[in-house]
Amino acid sequence: MKPQARAEDVQRVCEKIESLGFRAHPMPGAQRTAIGITGNPGAIEPAEFESLPGVAEAIRVSKPYKLVSREVKSEDSLIRVGPSAKLENRNSKLETGNSEPAAGDGDFDSRASSSDSRTSSFIVGGPELAIIAGPCAVESREQALAAAECVKKAGARLFRGGAFKPRTSPYSFQGLGKQGLEILAEVRRATGLLIVTETIDPENCDLVEEYADVLQVGARNMQNFSLLKRVGRSRKPVLLKRGMSATLEEFLMAAEYVLSEGNYNVILCERGVRTFADHTRNTLDLSVIPAVKRLSHLPILVDPSHGTGKRDKVIPLSRAAVAVGADGLIVEVHPQPERALSDGYQSLSPGEFESLMREVSAIAGVIGRRTSLA
Ligand code: PEP
Ligand code: MN
């Protein structure tokens, strides 16, 4: 749509699309609104739309993924995480310069957010890098609260921690389940940090959705199409991790599943892929960041913890991820990594995470980004 197009113009185009039996996907951006069309069995005549008021151009998308592609939406997507503008004390639109209408959870009044006045929203994909930190798994109230205090003090704005863990072995710690989610709600109330936690199947999503600010879909579930469709019907933003053997096209097609259901708030995450290398757990594919940026408007984060699997490589690869243009990091931090019930060998200590924050903040400044520190 043209930058000056009015809401009625957008509405009229959507109605026209729906009247043809297709689905309209209006995606507002800072300058203009893009409207994707899905459900059409073949090509549509662009002239049918170009004559409508407010329409700038009608474009045929050449890629197999449509809604995630830059052909449909040329501007970077800004994903609002946390309470909508209406629920906030402070106006984060002014803080961030974001002029998109409230994306993310809209009016969704989550169990975690309803009574909490300390939590303000965060925009992923804007100038401030999204730094998500916390343990692999929520192990206890004490562990989670201690981790949250440390990462908050060091400058993280979002807290990670699995309550439901997809483990390779059925005998490994599977997470605390609902109790873990309740601990995460307490972390949120106590610290104001926004909560990122994993949903492992469509049924489990009903519960996780009540507590999470961001629904994480793990690498092992990147092609769990019923889960992708389920989170696509959620009003919470989704953090979609790349499968460990997924090509870029498969990764973007997985994101397309979520958008095609109407949830346009997807944050991608590179977390390493399987290769023959055995000096790391996975090979962190940092070249995928500029490749995604070229093809898609969605933000992309890097997980240097699973991406390397080794504590001593997490800080160097975090620096590199920020330098290459990632929109943020998701990092495992444990108050006592040697006692962690999962992924301790790749978890940073609180002191190491402070160093990471200092170093990535310095690099962010060089490329016109920032963290909460600077
Ligand atoms: C995690 O973030 O703890 C996790 C299980 O990650 P992945 O899905 O990338 O393996
Ligand atoms: Mn982990």
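Residues are numbered from 1 along each chain as its sequence is written, while chains are lettered from A and ligands numbered from 1 in the order in which they are written. In this predicted model local features need pLDDT of at least 70, side-chain atom pairs count only at pLDDT 80 or more, and totals for chains, interfaces and linings use all residues, with side-chain values based on heavy atoms and with hydrogens and water left out.

The manganese ion (ligand 2) is coordinated at 2.0 to 2.4 Å by Cys 136 (SG), His 306 (NE2), Glu 332 (OE) and Asp 343 (OD), donors being N, O and S atoms within 2.8 Å of the metal (3.2 Å for Na, K and Ca). Along the chain these donors follow the spacing C-x169-H-x25-E-x10-D. Cys 136, in the loop between β5 (130-134) and α4 (141-154), and Asp 343, in the loop between β12 (328-332) and α12 (350-366), are 207 residues apart and link distant parts of the chain; helices (H or I, at least four residues) and strands (E, at least two) are DSSP runs, numbered from the N terminus.

The residues around ligand 1, those with a heavy atom within 4 Å of it, include Cys 136, His 306 and Glu 332, together with Arg 160 and Glu 198. A polar side-chain atom of Lys 165 lies 2.8 Å from an oxygen atom of ligand 1, and a polar side-chain atom of Arg 271 is placed 2.7 Å from an oxygen atom of this ligand. Of the 290 Å² of accessible area that ligand 1 has on its own, the protein covers 97%, as computed by the Shrake-Rupley method with a 1.4 Å probe.

Methods. A polar contact is a pair of N or O atoms within 3.5 Å; within protein, one must be able to donate a hydrogen and the other to accept it, and residues adjacent in sequence count only if both atoms are side-chain atoms.
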